[in-house]
Amino acid sequence: MEALLTATASDYSPQMVALNKPEIMDEADWIARAQRSDTRAFESLYRMHVDKVYGLCLRMTGNVSEAEDCAQEAFIQAWNKLDRFRGDSAFATWLHRIAVNAVLGRMRKSKREQDRIQVAMETLSSPASIADTGELRDLSDAVDRLPEGARHVFVLFSVYGYSHDEASKMLGIAPGTSKAQLHRARRLLAQQLKTEGFEV
Amino acid sequence: MSQIDRDDKLITAASALSTEISPEQDLWPGIAEAIARPQRSRWIPVFAQAAAVVLLIGASSSLTYFAVKDQQQIIEVVPSGLVFEQASFGGRYALGVDYQEARGDLAAQLDVELARLSPEAREEVELNLSMIRGAIAQINEAMKDAPDNALLQELLVQTYREELALMQRVGGLTQHVMSRKDI
């Protein structure tokens, strides 16, 4: 204890100089710092990934308010679980998994509310389609009108490029179910787009 | 256009949809508030586990206390001359031979040890043993209807332990301590 009390600023100067250097941090550095409960580092990670997480939430829920809540919940969960992130997968993928869980958890909780939103959405333009242009906007609208299970698989597989194995693990379903839901999604999308006179 | 071509075109088009969309409002303030509220700490699960253990022990102790307390009210205390019965475990299970022998040895020498005590101390020991044995009888009776009731089993084991501990304190004769393996 006495040694600590008698230590002078010069004893710590090498570290202080190092910290004062302009920092060029990469994602791994931010993660390491956030894992040491540095909220500013975590905010940097949030800024890096919020569009990816929010985009996924919006595609999966088709609702701005729900997507915002899910994205917030995903980042809060990520903060709480950050010490378990070992870098086995990319940080973005890890966040995606958490975001999918947040969406599924929220939908399970408010199933009735979701149904209401689903009905209301049929008459509205897709909020996610704002990010798209031309024919893609029509496709985006059609994706949002898909039934929940088919939409989730289609978004993860076709939009985000996850394999059936990955998508099924994220959604907690069998790979066969994932394939069946994708087939259903394609069929429904083709019908919808044809009805509306669009050629995909 | 064939079904396969249409599917391929659909997948190609879907892969061109935006994967990154900016939220209309900054979500960080809400996140910052949530993560600042409870400080992120790893001791919470440990604390929760410890609390659960304490709760379990507390509940178990309370049950034992109230069971014994109830026995105290309904059991007629034998004023002198203790009744020693073979230890049983609800009818379906038998107690281990080692435990039975240790208990038998202790009980056999208990009279000798009791004779060495003052009348007041002897009366107190006899009163306590009567209460414990009354409780054992009551729990055994209850276990005839529910031989696999884990709570009753645990309560009976605990009560036998108390009996053994009391006899040990009087005689200091054996080191055998009953465990669930003795059942």
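Of the 54 residues in the largest nonpolar core, those touching the most other members are A:Val53, A:Cys57, A:Ala71, A:Ala74, A:Ala99, A:Val153 and A:Phe154. Such a core is a set of buried Ala, Val, Leu, Ile, Met, Phe, Trp, Tyr and Cys residues joined through C-beta atoms within 7 Å; buried means that 20 or more other C-beta atoms lie within 10 Å of a residue's own, with C-beta atoms placed from the backbone.

This is a predicted model, in which local features need pLDDT of at least 70 and side-chain atom pairs count only at pLDDT 80 or more, while totals for chains, interfaces and linings use all residues. Residues are numbered from 1 along each chain as its sequence is written, and chains are lettered from A in the order in which they are written.

- Beyond its neighbours within four places in sequence, A:Cys57 is in contact with A:Ala67, A:Cys70, A:Ala71, A:Ala99 and A:Val103 (contact: C-beta atoms, placed from the backbone, within 7 Å).

**Where the chains meet**
- On chain B, 26 residues are in contact with 34 residues of chain A.
- α1(B) supplies the largest share of chain B's side, eight residues.

**Chain B itself**
- Chain B has six helices and zero strands.
- Of its 183 residues, 20% count as buried.

Terms used
Two residues are in contact if their C-beta atoms, placed from the backbone, lie within 7 Å. Helices (H or I, at least four residues) and strands (E, at least two) are DSSP runs, numbered from the N terminus. A residue is buried if 20 or more other C-beta atoms lie within 10 Å of its own, exposed if 12 or fewer, and partly exposed in between; C-beta atoms are placed from the backbone.
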